[in-house]
Structures are given as structure tokens and as C-alpha cells.
Amino acid sequence: MSRDEKQLLYAESHEWVDVTEVGGAKVAVVGISAFAIEQLNDLVYMDLPAVGRVLTRGEEFGEVESVKAVSPLYAPVGGEILEVHSDLAEHLDRLKEDPYEFGWIMKVKITDEDAIGLLLDHAAYEKQCSESS
Amino acid sequence: MIDGRLISLESHDGPTNMAIDQAILESSSTAGVGLVKPTLRFYGWSEPTLSLGYFQGLNQRSKHVASQSLAAVRRSTGGGAIVHDRELTYSLVVPRECQPKLLERASAIGAVPEFYDAMHQAIIDSLAELGCRSEMHGVSDHEVSDHNLESNRDANTDGLTQERSEEPFLCFQRRSSWDIVASGYKIVGSAQRRVRGSVLQHGSVLLSSSPSAPQLPGASDLVSTRVASPDLSRAVVERLAERLRIRWIGGSLEPNERALASQIREQRFADAAWLARR
């Protein structure tokens with residue numbers, strides 16, 4: 001079953017976050033929003049981070065090349081990268097069709113749970129998008 | 001009208017040129033509100049240099065025979081490789097804070113079409129003033145009637161390789177929206193990088209053909225007059241001021257930008273491992 005985008009949290013920099021519980025720890029599944037993918041237009045390359053890397057909130061964790069621009073991706077929460085969607089870079093065409101399920105980029109064991117409260121809910125994120133696009 | 005900083009034509013090696021652009025971009029994305037201005041910079045290359053697009057593999061260059069002996073640098077921007085030799089190169093950095101004053105709508109991610117439009121229209125008008133008619137390539141990639149693409153097919157049999165997505169190795173043998181073509185040849189190409197909402201756009205205007213990429217003519221090869229960097233840069237400054245409503249005032253790098261550029265040069269653009277990272 002596909003993730004419901006209305007139930008996800010969002011960073012101002014357009015990453016979505018699905019906070020789950022795994023073995024008592026909070027794990028964030030992270031991707032980029034349908035709005036961002038639309039803005040990026042045709043994606044041609046994506047750089048993914050390495051498993052085990054420890055991110056701080058707001059740190060650059062990857063980059064995407066779209067038509068006529070390279071844009072960084074920023075960590076919406078801090079923590080250790082547990083898993084990376086290694087197939088994604090080879091199937092960027094599928095990202096647009098399915099940003100919230102196939103389009104997950106990484107799973108992060110959250111170390112700064114306070115950061116979750118700083119993320120936007122879907123309504124607030126939509127408002128930001130309508131003002132900036 | 002807002003004020004912008006103009007850094008006049010200067011020449012450096014590849015790593016220094018790329019590091020200065022990156023330092024201006026990164027400084028503009030970390031400074032506080034109101035402390036930064038747009039920067040327009042023109043530059044040349046102290047030696048002919050091949051720049052790879054950010055995502056290009058270093059091994060791809062071995063297939064382009066004519067440029068193999070050149071120094072190489074990896075850009076921070078995407079697209080194809082460029083032989084920087086007889087060209088005018090520019091960079092435009094617009095801090096995030098300035099964008100609401102210049103754009104109807106500012107997006108924090110992806111390309112900013114308005115800056116491609118403004119700069120490339122300014123270049124088209126300036127080239128026309130200097131006797132070279134050119135136009136924007138408005139159609140999406142791979143229009144087949146262009147000469148560079150025909151010469152590309154020839155070049156491919158002569159050793160050029162096709163990358164992923166069947167893209168030619170050289171930027172000037174590719175086509176995308178906003179490219180500038182004259183007599184069917186691409187003579188101007190640009191690319192952008194975003195950092196925390198700020199935008200770096202840099203690009204090359206081919207002035208004449210390089211021995212290291214002889215299949216690519218420049219503006220002077222297509223008209224009877226010589227298009228020179230000082231004349232062209234002067235004209236572009238005026239045109240871009242009108243289009244972006246920015247008053248360009250002569251300036252230089254701040255000490256913190258110089259220090260950052262020096263650091264970025266050593267850690268990134270002059271680092272052999274960084275060049276070979278793909």
C-alpha cells in the first residue's frame with residue numbers, strides 16, 4: 001500500500017519524512033516530495049549517501065541533476081543512515097510516478113527527536129509550495 | 001533596481017576559476033539577510049582546460065582525442081564537458097535573499113528559468129550588436145537539423161563516446177532549452193547549481209574554434225568580424241542590467257571569499273581524487 005502523502009511530514013527544503021518505530025527506535029524514511037520532483041523536471045542523475053554515515057539535521061546528504069541544474073538534498077532529521085534505496089539512481093524515471101513509495105531514498109535512525117517537531121505537516125507544506133512555486 | 005557587484009574579466013587556471021564561483025555561491029548562501037548582492041563575473045582561462053560536468057565520468061575523456069592533453073577540472077554544475085579555450089566565460093550568482101526582488105516567484109529547488117532567459121537574451125543582443133546573429137534554442141533536446149549534431153555524428157565515429165542517455169560527451173554537441181545557436185551551431189551553453197536557495201549560473205560563449213575541439217566553431221568563425229571578450233562582456237553588462245534591473249558596480253572578492261576560494265580549490269577542484277570521483 002502506498003504511503004499517504006497527507007500523513008507525512010516535510011522539510012522546507014522539500015524532503016518528505018515518514019517516522020516509523022523499529023525495535024523501539026524512531027526511524028525516518030526519507031524521500032523528496034512530488035512538488036519538488038515536478039520543479040526539478042527531468043532528473044538525470046542522483047547521488048546517494050553511504051549506509052552508516054551520520055547526518056546532522058540540515059546537512060547535505062545527496063545531490064540531483066535535473067535539466068539545467070544541480071541541486072543538493074538536505075537531511076530533514078539527524079541520525080545514522082541504516083539503509084539506502086540503491087536501485088533508485090538507476091530508475092529515476094519511476095520517481096515521478098511513485099515519489100512516496102518507490103521514491104524512498106534512505107532510512108535514518110533518528111538521534112534528534114526534537115527535530116521531528118520542526119517539520120511541516122502536509123497542510124503547512126502545501127501552503128509553502130503554493131507561495132513559492 | 002538593486003545594486004550588484006561586477007568582477008571584471010580576469011584569467012585563472014581551471015581549479016581557481018571553479019573555486020571562485022563556488023566560494024561566491026557558498027558565501028552568498030550563508031551570509032545574513034541584506035549582506036549580499038548578486039555577483040556577475042567574467043573570466044578567461046590561463047591555459048586551455050577541459051571541464052567535466054559534475055556527474056560525468058573521468059574515463060569518458062579518454063574517448064575525446066583532441067582534448068586529451070589538456071588540464072582538466074570537474075565543475076560543480078552538470079551537463080557535458082567543455083573545452084575552455086577561445087571563449088568568454090561568465091558566472092552569475094544570485095543570493096536567495098535577492099530573488100524575491102528580481103523574480104515574480106522564487107523556487108528553492110531546481111533550475112531558475114528567469115536567469116537563463118535574462119543572461120542568454122543579454123548575450124544574444126550583445127552578439128547582435130557586434131555583428132553576430134544568434135537565437136535561443138527553444139525546443140527540447142536533440143533537434144536534428146543543427147550543425148553541431150551533424151558534426152557530432154562525424155566526431156563519434158572519430159572516437160567520441162556517448163554517455164548514459166546517449167548524450168554526447170561535449171556540452172556544445174548537446175542541445176537543451178536556452179542554448180544559443182548561430183548558423184545552426186551552438187555557441188553558448190550555461191548550467192546552474194543551487195545551494196540553500198542561492199543560484200550559481202555559469203556559462204561559456206565560444207568566440208572561435210579551439211584546436212582541442214576543432215569541430216566547434218565560435219561566434220567569430222561564423223561572421224566576418226572578430227568578437228572580442230572585452231567588447232562582448234561590456235555589452236552583456238549593459239543588457240543584463242536592463243533585463244534583471246540590477247545596477248552593476250565594479251568590485252572584487254571580499255577577503256572571506258578569497259580565503260574560502262583558496263580552501264575550496266585545494267580541497268575540491270585541484271584535488272586529483274575529486275576529479276576522479278566518478
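Visitor: How many residues does the contact take from chain A and from chain B?

Guide: The size of an interface is often given as the accessible area lost when the parts come together. Here we can count residues instead, remembering that this is a predicted model: the contact takes 18 residues from chain A and 20 residues from chain B. On the side of chain A that touches chain B, helix H1 (34-40), strand E4 (43-47), strand E6 (60-66) and strand E7 (69-74) of chain A each supply at least two residues, and E7(A) gives the most, with 4 residues.

Visitor: In which sense do E7(A) and strand E9 of chain B pair, parallel or antiparallel?

Guide: Strands of a sheet pair through backbone hydrogen bonds, either parallel or antiparallel. E7(A) and strand E9 (residues 185-195) of chain B pair in the parallel sense over 2 bridges, and Ala69(A) has Gln192(B) in E9(B) as its bridge partner.

Visitor: Within chain A, what is the order of the strands in the open sheet of 6 strands?

Guide: The order is E1-E2-E3-E9-E8-E5 (chain A), and the pairing is antiparallel. Strand E1 (9-10) and strand E5 (54-55) of chain A stand at the edges with a single partner strand each, so one side of each is left without a neighbour in the sheet. For E5(A), the pairing with strand E8 (residues 79-84) of chain A runs over 2 bridges in the antiparallel sense, with Gly79(A) as the bridge partner of Leu55(A).

Visitor: Turning to chain B, is strand E2 mostly covered or mostly exposed?

Guide: Strand E2 (residues 39-45) of chain B is mostly covered, with 6 of its 7 residues buried. E2(B) pairs in the parallel sense with strand E1 (residues 2-12) of chain B over 6 bridges, and in the antiparallel sense with strand E6 (residues 87-94) of chain B over 5 bridges. In the latter pairing, Phe42(B) has Tyr90(B) as its bridge partner.

Visitor: Which residues of the largest nonpolar core touch the most other members?

Guide: In soluble globular proteins, nonpolar side chains tend to be buried together. Of the 70 residues in the largest nonpolar core, Phe115(B), Met119(B), Ile123(B), Ile187(B), Val205(B), Ala219(B) and Leu240(B) touch the most other members. Helix H3 (residues 113-129) of chain B contributes the largest share of this core, 7 residues. Apart from this core lies another, of 36 residues, among them Val29(A), Ala115(A), Tyr125(A) and Cys129(A).

Conventions:
Residues are numbered from 1 along each chain as its sequence is written. Chains are lettered from A and ligands numbered from 1 in the order in which they are written. This is a predicted model: local features need pLDDT of at least 70, side-chain atom pairs count only at pLDDT 80 or more; totals for chains, interfaces and linings use all residues. Two strands pair if DSSP finds at least two bridges between them. A nonpolar core is a set of buried Ala, Val, Leu, Ile, Met, Phe, Trp, Tyr and Cys residues joined through C-beta atoms within 7 Å. A residue is buried if 20 or more other C-beta atoms lie within 10 Å of its own, exposed if 12 or fewer, and partly exposed in between; C-beta atoms are placed from the backbone. Two residues are in contact if their C-beta atoms, placed from the backbone, lie within 7 Å.
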